[in-house]
Amino acid sequence: MLNIVIFGAPGSGKGTQSERIVEKYGINHISTGDVLRAEIKNGTELGKTAKGYIDQGQLIPDSLMIDILAGVLDSFKDSKGVIFDGFPRTIAQAGALKQMLAERGQEVSVMLDLDVPEDELMTRLIKRGQETGRTDDNEETIKKRLVVYHSQTAPLIDWYKSEGKYQHIQGVGTMEGIFADIVAAIEKL
Ligand code: AP5
Ligand code: MG
């Protein structure tokens with residue numbers, strides 16, 4: 001089982017690199033952001049709740065997010081492993097993930113931290129906002145997302161270091177070059 005947490009600030013390349021990892025290793029992908037955006041698109045109650053938080057750059061409450069994650073995890077049958085993209089984002093979510101995997105006789109194999117400076121994150125997300133119209137990719141909301149990242153999510157770096165799962169990845173460079181570093185990290189597990 002290959003259970004990867006792909007970690008990093010908004011715009012660090014979690015989704016981009018997850019696609020490549022899925023293609024190479026044939027594992028399942030959960031992007032909690034994608035799950036929530038699909039709910040919004042489908043106009044569900046969950047989507048309505050989520051939209052309020054996402055458009056403010058805030059996190060969805062832990063209990064709600066953990067329930068959603070558990071549901072998606074249960075839907076994977078005969079899985080070779082999972083890449084968790086955008087989850088966990090708080091210490092509470094990290095603890096819940098550890099417990100959920102332990103209940104299934106599994107654990108996180110590695111946490112890959114895509115490290116990208118803030119000016120580059122801003123440039124990437126502004127560009128994506130212009131190209132795709134993603135509603136939280138505007139300067140004001142990106143700034144809020146970065147504040148939330150530093151206060152609530154970045155503490156997971158030390159949490160995963162203490163678990164012995166942490167792997168730093170230089171997140172600036174070509175998408176191919178970054179992927180090569182990720183593969184090297186996975187191959188040495
Ligand atoms: P989510 O969808 O997870 O957004 P995010 O973490 O802000 O990250 P992004 O998806 O914006 O960036 P990414 O790291 O995937 O980068 P990407 O590959 O797209 O979450 C959105 C919201 O949902 C949250 O704010 C929150 O409200 C809620 N939410 C989600 N999960 C939650 C949770 N667990 N708990 C509570 N709330 C939750 O790349 C970005 C751009 O850069 C792309 O245009 C890409 O083409 C480009 N790019 C990628 N790599 C490179 C490169 N090497 N060089 C140049 N450009 C690059
Ligand atoms: Mg993403």
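**Exercises on a predicted model**

Of the 37 residues in the largest nonpolar core, Val 5, Phe 84, Leu 97 and Tyr 160 touch the most other members. A nonpolar core is a set of buried Ala, Val, Leu, Ile, Met, Phe, Trp, Tyr and Cys residues joined through side-chain atoms within 4.5 Å; buried means under 20% relative accessible area (1.4 Å probe, protein chains only). This is a predicted model, in which local features need pLDDT of at least 70, side-chain atom pairs count only at pLDDT 80 or more, and totals for chains, interfaces and linings use all residues. Residues are numbered from 1 along each chain, chains are lettered from A and ligands numbered from 1 in the order written, and side-chain values use heavy atoms, without hydrogens and water.

**Exercise 1.** Find the residues that Leu 97 touches, leaving out those up to four places away in sequence.

*Solution.* Take contact as heavy atoms within 4.5 Å. Leu 97 then touches Val 5, Leu 69, Phe 84, Phe 87, Pro 88, Val 108 and Tyr 160.

**Exercise 2.** Describe the charge and polar partners of Asp 113.

*Solution.* Start with burial: Asp 113 is buried and has no salt bridge (a side-chain nitrogen of Lys or Arg within 4 Å of a carboxyl oxygen of Asp or Glu). Next, the nearest side chain of opposite charge is Lys 161, 7.0 Å away; Lys and Arg count as positive, Asp and Glu as negative, and His and the chain ends are not counted. Finally, the side chains of Asp 113 and Tyr 166 make a polar contact at 2.6 Å (a pair of N or O atoms within 3.5 Å; within protein, one must be able to donate a hydrogen and the other to accept it, and residues adjacent in sequence count only if both atoms are side-chain atoms).

Methods
Buried means under 20% relative accessible area, exposed over 50%, partly exposed in between (1.4 Å probe, protein chains only).
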